[in-house]
Amino acid sequence: MLKIAVPNKGSLSEAAAQMLREAGYRQRTETKELVLVDDDNQVEFYYLRPRDIAIYVGEGTLDLGITGRDMLLDSGAQADEVMSLGFGRSRFRFAAPADQPWSVADLEGKRLATSYPGLLGSYLDEQGVTARLIKLDGAVESAIRLGVADAIADVVETGTTLRKAGLELFGDAICLSEAILISRRGVELPAGVDQLERRLSGVLVARNYVMLDYDVAEPDLAKVQEITPGLEGPTVSPLSREGWFAVRAMVPRKDAQKLMDDLWSAGARAILVTDIAACRL
């Protein structure tokens with residue numbers, strides 16, 4: 001059986017489980033469950049701390065895992081990213097008191113608090129900056145006020161918490177993170193991984209695309225097909241009404257409303273947008 005690690009808690013946990021459900025895999029119904037066997041799909045799911053998942057996968061104990069890109073890079077584990085999963089996006093950034101301007105070069109010789117010393121240490125080495133790293137497990141934004149650090153490096157989603165603490169972001173993003181599927185480095189992927197990747201990719205497509213249907217008269221057909229070219233081309237079928245056609249095409253979800261406006265202006269009528277439950281491309 002394929003052995004897959006899934007976050008047992010935190011911001012990635014429920015989103016990972018939901019994506020696997022949408023991909024057709026069983027998931028636990030009780031948070032106390034540590035292992036779930038999906039016999040129909042020949043998969044065993046292990047629910048672990050997100051920070052530990054890269055270690056288990058890198059050691060070969062488990063075949064695959066879902067974790068954050070920042071946690072993989074911080075772990076130093078012998079594991080690689082297989083595919084990004086489109087949720088849990090965040091940025092890893094520097095922050096310092098807002099009462100003076102800061103740059104990455106200003107961190108030379110300073111105390112820098114973080115929950116990601118491995119990731120941060122590698123970045124500072126690349127920048128040629130030497131700082132004293134202070135590892136904290138949480139509430140990193142309080143380190144400066146408490147006199148533990150001069151600046152911090154932490155995961156940022158909106159930046160609201162940092163601003164409330166009187167801190168200001170500076171420098172480029174150290175890491176752009178999101179949930180990823182990982183596997184052990186340097187080994188052949190086990191049987192069943194291709195199917196998992198296809199299913200997860202299908203979920204991503206279904207989330208990011210919608211199906212657009214509309215009717216159009218023959219004189220406007222070429223024009224509307226330019227607006228909705230689809231993936232390999234739209235489906236065009238004649239209607240019982242002479243000179244009219246039904247057109248169907250997949251379009252990006254984020255563009256759907258604008259495309260409906262453009263289609264209406266181009267002569268399309270009876271325009272419908274429907275969700276896609278699953279997809280294979």
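Trainee: How many disulfides does the count come to by the distance rule?

Mentor: A disulfide is a covalent bond between the sulfur atoms of two cysteines. The rule asks for a pair of cysteine sulfur atoms within 2.5 Å, and by this rule the count here is 0 disulfides. Please keep in mind that this is a predicted model, in which local features need pLDDT of at least 70 and side-chain atom pairs count only at pLDDT 80 or more, while totals for chains, interfaces and linings use all residues. Residues are numbered from 1 along each chain as its sequence is written, and side-chain values use heavy atoms, with hydrogens and water left out.

Trainee: Why does C175 count as buried?

Mentor: Buried means under 20% relative accessible area, exposed means over 50%, and partly exposed lies in between (1.4 Å probe, protein chains only). C175 counts as buried because its relative accessibility is 5%, and C279 is buried because its value is 10%.

Trainee: What span should helix α6 have?

Mentor: Helices (H or I, at least four residues) and strands (E, at least two) are DSSP runs, numbered from the N terminus, and the expected span of a helix is 1.5 Å times one less than its number of residues. Helix α6 has 16 residues, 193-208, so it should span 22 Å, and this agrees with its end C-alpha atoms, which are 22 Å apart. Among the buried residues of α6 are V193, L196, R199 and L200.

Trainee: In what order do the strands of the 6-stranded sheet stand?

Mentor: Two strands pair if DSSP finds at least two bridges between them. This open sheet runs β2-β3-β1-β4-β11-β5, with mixed pairing, and its edge strands, β2 (35-38) and β5 (79-84), each pair on one side only. Within this sheet, β4 (residues 64-68) and β11 (residues 179-184) run antiparallel and are joined by 5 bridges, with T67 standing opposite I180.

Trainee: Which strands does α6 lie across in the sheet that holds β12 and β14?

Mentor: Contact means heavy atoms within 4.5 Å, while axes are lines fitted to C-alpha atoms, for helices over the stretch in contact, with angles from 0 to 180 degrees between N-to-C directions. Helix α6 lies across β12 and β14 (244-252), at about 50 degrees to β12. That open sheet has 4 strands in the order β13-β14-β12-β15, with antiparallel pairing. Helix α6 also lies across β1 (2-7), β4, β5 and β11, running at about 40 degrees to β5.
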